[in-house]
Amino acid sequence: MALKKIILDEHETICHEGETVLEALLRDNVDIPFSCKQGACQSCMVRSLDVPPPAHAQKGLKDVLCKQNHFLACLCYPEQDMSLTLGHQPEYFTEGTVTAKELLNSETVLLTIQCKDALDYYAGQFVNLKRADGLIRSYSISNSRRHAEKLSFHIRRLAGGKFSEWVHQELNVGDTISVSDPQGLCYYLPDKMEQSLLLIGTGSGLAPLAGIIHEALEEGHSGPIHLYHGSRDVDGLYWIDEMRELAEKYENFHYMPCVSRGDAPEGVAQGRANDVAMANIPDLKGWRVYLCGHPDMVNQAKRMAYLNGASLQDIYSDAFHVASPTLD
C-alpha cells in the first residue's frame with residue numbers, strides 16, 4: 001500500500017492509498033477548515049510548499065492560485081510526499097532606497113524604490129512598506145516584472161494619514177525603507193494571450209492596472225485591452241498623456257479616462273468608470289476583468305461584470321481600504 005507523508009505546518013500525517021489529504025488530516029485530528037468535502041466551497045484550500053499538487057486537486061481555482069500551488073485538500077489524492085501550509089509564510093523584508101519621487105497630481109506621488117535584492121513578483125501584486133519605527137502600509141506595484149529591483153508606487157496623500165503624509169512631506173530621495181515580499185492575487189499571467197482584458201480603476205487604483213497593462217503588452221498579449229480610469233474630477237486623474245501614447249503605440253490597447261462630477265473635457269467620459277465601462281462593453285463573456293480602487297466601486301463592478309457574462313474565475317479585484325486618519 002502506497003503511503004504518502006503529509007506535513008502541514010510542522011504536523012506530520014500519513015496519507016493512505018485512496019485517501020484524500022483532507023481525510024488523512026481529519027483522521028489525525030488536525031485542525032483544518034472544511035465544509036462540503038466536494039470541492040465546491042473551497043474551505044479546505046491549502047498550499048504546497050515543495051511539489052506541484054495533482055491537477056485535479058486544483059479544479060475550480062483561479063489560475064493565479066494554481067500558479068502558487070494552492071489546491072483543495074478534499075480533492076487531493078497525493079502522488080508524492082508533500083509539505084503544506086494553511087497560512088502565509090513569515091514575511092520577508094529587503095532594504096530599499098528611494099531613487100525618485102515626483103507628483104502625479106496634487107494628491108498622488110510616484111515613489112520609486114531601488115531594492116537591495118531582486119523581488120520575484122507579478123504585475124498587479126502589492127508589497128508592504130515599513131518605515132524605521134515599524135509602521136507598515138500596503139501599496140501596489142505599478143511597474144512590470146522587467147524592473148525586478150526597482151519598484152514604483154502611486155501613493156495617495158490622506159489627510160492626517162501617518163504614513164502617506166510622511167511619504168509626501170518627509171521621505172526623500174536617498175532615504176531607506178523596508179520592502180516586503182510581494183503579495184496578492186490580482187495580477188497578470190501570460191497564459192491566455194488572446195483573451196480580452198477589461199481593467200477598471202479609481203484614484204491610485206491605476207497603479208496595479210498600469211503594471212498589468214505594461215506587462216501584458218511586453219509579453220505580446222494579442223487580445224484587446226481596455227482601461228477605464230475614474231476620478232471625481234479631472235484634477236484627480238493622472239498619466240493621461242502616458243496612457244494615450246501607449247494606446248497610439250499598441251493597436252489592441254484602448255484607454256478612457258472618466259470623471260463622475262462636473263463637466264468632462266474632450267476625450268474624457270462623463271460618469272463613473274465602472275458604469276461607462278459596462279455601458280461600452282455590455283457582453284463580458286470570455287473576458288478577464290481587473291478591478292482596483294475604492295471598495296464600493298470594486299464591489300459594484302464585480303457584480304456588474306458577473307451579470308454581464310464574466311466568469312467569477314476571471315474577475316480579479318483589489319479593493320483599496322483606507323485606514324482612518326488616526327490609524328493610517
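Contact here means heavy atoms within 4.5 Å. Keep that in mind. What you see is a predicted model.

Let's start with helix α5, residues 240-249. Which of its residues are buried? They are Ile240, Met243 and Leu246. Seen down the axis of α5, these buried residues fall within an arc of 130°, so they line one face of the helix. On the other side, Asp241, Glu245, Glu248 and Lys249 are exposed. And what do the buried residues of α5 pack against? Helix α4 (206-218), plus strands β13 (225-231) and β14 (253-259).

Those two strands take us to the sheet. Strands β13 and β14 belong to an open sheet of six, in the order β15-β14-β13-β12-β16-β17. The pairing is parallel. Look at the edges: β15 (269-270) and β17 (315-319) each have a single partner strand, so one side of each is left without a neighbour in the sheet.

Now take β17 and its partner. Five bridges join β17 to β16, residues 288-293. Within this pair, valine 289 stands opposite isoleucine 315 of β17. Helix α7, residues 295-307, packs on the sheet here. It touches β12 (197-202), β16 and β17. The direction of α7 makes about 165° with that of β16.

Last stop: serine 48, in strand β3, residues 45-48. Is serine 48 buried or exposed? Buried means under 20% relative accessible area. Serine 48 has 2%, so it counts as buried. A polar atom of its side chain lies 2.4 Å from the backbone oxygen of valine 51. Leaving out residues up to four places away in sequence, serine 48 touches Pro53, Asn69, Phe71, Met82, Ser83 and Leu84.

Notes. Residues numbered from 1 in each chain as written. Predicted model: local features only at pLDDT ≥ 70, side-chain atom pairs only at ≥ 80, totals over all residues. Heavy atoms only, no water. Pairing = 2+ DSSP bridges. Helix = DSSP H or I, 4+ residues; strand = E, 2+ residues; numbered from the N terminus. Axes fitted to C-alpha atoms, helices over the stretch in contact; angles between N-to-C directions. Buried < 20%, exposed > 50% of the residue type's maximum accessible area, 1.4 Å probe, protein only. Polar contact = N/O pair within 3.5 Å; in protein donor to acceptor, adjacent residues only side chain to side chain. Arc of directions from axis to C-beta.
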